[in-house]
Amino acid sequence: MKILHHPAFHQWQSQFSSTLFWRKQLKQSLLTFSGLLVFVLCWQLASSQIQTSLGQFPGPTQAAAQWSQLVDEYQAEQQREDAFYQRQLERHAALLAADPQAELPNLPYRARPTFFSQILTSLQTVLTGFVLASLIAIPLGILIGLSSNLYQVFNPLIQLFKPISPLAWLPLVTLIVSSVDLSAAWGSRSFVVSVCTVMLCSLWPTLLNTAVGVSQVPQDLLNVSKVLRLSWWRHLRIIVLPSAVPMIFTGLRLSLGIAWMVLIAAEMLAQNPGLGKFVWDEFQNGSSNSLSRICVAVLVIGLLGFALDRLMLTLQRKVNWDKSAVSR
Amino acid sequence: MQKTHLELTQVGISFPTEKGPFVALQNVNLHIKKGEFVSLIGHSGCGKSTVLNIVAGLHQATAGGVILNHKEVTEPGPERAVVFQNHSLLPWLTVYQNVELAVKQQSKGKKTKAEIRDWVEHNLALVHMSHALDKRPGEISGGMKQRVGIARALAMQPEVLLMDEPFGALDALTRAHLQDSLMEIQAQLNTTVMMITHDVDEAVLLSDRIVMMTNGPAATIGEILTVDLPRPRHRLQLADDPTYNHYRHQVLSFLYEKQRKVEDLGSKRAEKQQQKTQASA
Ligand SMILES: Nc1ncnc2c1ncn2[C@@H]1O[C@H](COP(=O)(O)OP(=O)(O)OP(=O)(O)O)[C@@H](O)[C@H]1O
Ligand SMILES: [Mg+2]
């Protein structure tokens, strides 16, 4: 029963038992819920008023129906895959029975992309592009922030490249990637194109914010560093990075948001596998269910973007020294 | 006390500002002996911190120079420690880590882990901060932060201790205690101390000499008062001492008669008003 006497436990206990705490929680969830309710109602009302060439605009109920349809399709595809490997195993057994030395053909299953496999592809692509961009942007941003000369060199370039739309990069990236011989280790060509486009667009917010954060270390702390005669490396680690962390994360969160938006657009335009392609295919498909499916996809894109941002926020809370500073 | 060990010769500094260079200090000459305790006193904004920062090596004098142990001061060095006016603790390190950083940096691997721990704790105990070793600066009061800043500087065992209003944010009791500790440490280690203060009593009690600065811009040393009171000094005994009160009076008269700041502003305003009335007439 030691835990019951721990001060943290008492704090926890008093926090949770206080009616004030519960009231606050209740109020917050009520507010969140009412926001969602208003949205669904508006959607329902508006959808009944809109007629499109593909029939009536789907409301929440149709979207929900398509969602379960998409889940079913995914499960069916899974079963097909399981059955394929099952058959292959049986064939192997038969071959071995006929001739123990027989060569066994191992055929991979060619899965048809489902909604969920497209989600996975998109997430993999966005994270790869974002991580690569961050690996370049953070160190470079630190260097630029530390040296005003480097800042002068890079600032015009950053200002020039930052506003370029992903759609403008796409043809260039596609041409360059298709001219380079890619080994299998890199994955498919379209994956590389998507990753590069995401990288090029999500580099800048992190780069700029890191540079600004690093260059805005308070003079007082720089004086401490000088008086203690910290080496370059320790100065960076002990003084510069901790004070730049909030700005770096602001940049990272902006970058990740941009990366996600850019990726969907790039997938639509370049027909690269992913959620964007799913939306585009449904649009081209033009069946009566397409609009509902697109609605589902749009909502999922929003939810995933939100989840990615939460992920960064959690990471920021882990890394930042000031736990109270990070809120929303 | 021996020969000159810290020497400021014709020190001047001008800061580049948007309205052209701003001359903050001019012709500052000061010779300080080893183990001497010198206070800098003067009105706010006259340039006391700037003098200290030049000696610390954080600012470069634009005229003249500072010589410490026969070497020109161009950058911070291990023989000097600074207590900053606004404590300047690293907010992401705990009280203990803030002091430990300085100790580690100063000992450069010459101390074992246990020795470092002992030394950090000893210095924090000296300023009565043992109860808050694991608190962050954001969680302690201004006076507590200042005490940690003092502990950090003391823990570096400097030859020259530079202090910018070290006791400003402290209550009278803690302040008295720390003043006594400082006198003790200084006597023991023969540390040279340069301390900025606004408190006349503190200046007289602690100092061998009080350097009184004129108002800026282009501030310089107005007068230097040698405080010839025997050490160790006890605040209670000194309270009724006529020599002590004589010194106090001299500093006060410098500050409030010869370098009256408020009066200056008042007379300027009067002048302006006069000009206005003349213009309208
Ligand atoms: N980096 C700087 N650039 C321009 N002017 C400066 C700079 N640093 C200080 N000054 C000016 O120099 C003068 C002296 O400043 P300083 O901080 O030394 O005053 P101080 O005597 O320490 O005042 P206080 O008692 O209020 O701390 C002020 O007028 C200030 O505006
Ligand atoms: Mg000052």
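Biologist: Contacts first. In chain A, among those between residues at least 6 apart in sequence, what share joins residues at least 24 apart?
Modeller: That share is 68%. Keep in mind that this is a predicted model.

Biologist: Fine. How many helices and strands does chain A have?
Modeller: 11 helices and 2 strands. The order along the sequence is α-α-β-β-α-α-α-α-α-α-α-α-α.

Biologist: Is chain A compact or spread out?
Modeller: More spread out than a compact globule, because its radius of gyration is 26 Å, well over the 20 Å that the globule rule gives for 328 residues. The C-alpha trace spans about 80 × 60 × 55 Å along its principal axes.

Biologist: And how much of chain A is buried?
Modeller: Buried residues are 34% of the 328. Accessible surface is about 19800 Å², and carbon and sulfur atoms hold 67% of that.

Biologist: What about charges on chain A?
Modeller: There are 23 positive side chains and 15 negative ones. The centres of the two sets are 18 Å apart.

Biologist: Switching topic. What coordinates the magnesium ion, ligand 2?
Modeller: B:Ser49 through OG and B:Gln85 through OE1, at 1.8 to 2.3 Å.

Biologist: Where do those two sit in chain B?
Modeller: B:Ser49 is in helix α1, residues 48-56. B:Gln85 is in the loop between β6 (80-83) and α2 (95-107), so the pair ties together parts 36 residues apart in sequence.

Biologist: How exposed are they, then?
Modeller: B:Ser49 is partly exposed, with a relative accessible area of 23%. B:Gln85 is also partly exposed, at 39%.

Key:
Residues are numbered from 1 along each chain as its sequence is written. Chains are lettered from A and ligands numbered from 1 in the order in which they are written. This is a predicted model: local features need pLDDT of at least 70, side-chain atom pairs count only at pLDDT 80 or more; totals for chains, interfaces and linings use all residues. Side-chain values use heavy atoms; hydrogens and water are left out. Helices (H or I, at least four residues) and strands (E, at least two) are DSSP runs, numbered from the N terminus. The radius of gyration is taken over C-alpha atoms; the globule rule is 2.2 Å times the number of residues to the power 0.38. Buried means under 20% relative accessible area, exposed over 50%, partly exposed in between (1.4 Å probe, protein chains only). Contact means heavy atoms within 4.5 Å. Accessible areas come from the Shrake-Rupley method with a 1.4 Å probe; for residues, only the protein chains shown count as cover. Lys and Arg count as positive and Asp and Glu as negative; His and the chain ends are not counted. The place of a charge is taken as NZ of Lys, CZ of Arg, CG of Asp or CD of Glu. Donors are N, O and S atoms within 2.8 Å of the metal (3.2 Å for Na, K and Ca); water is not among the atoms, so sites may look incomplete.
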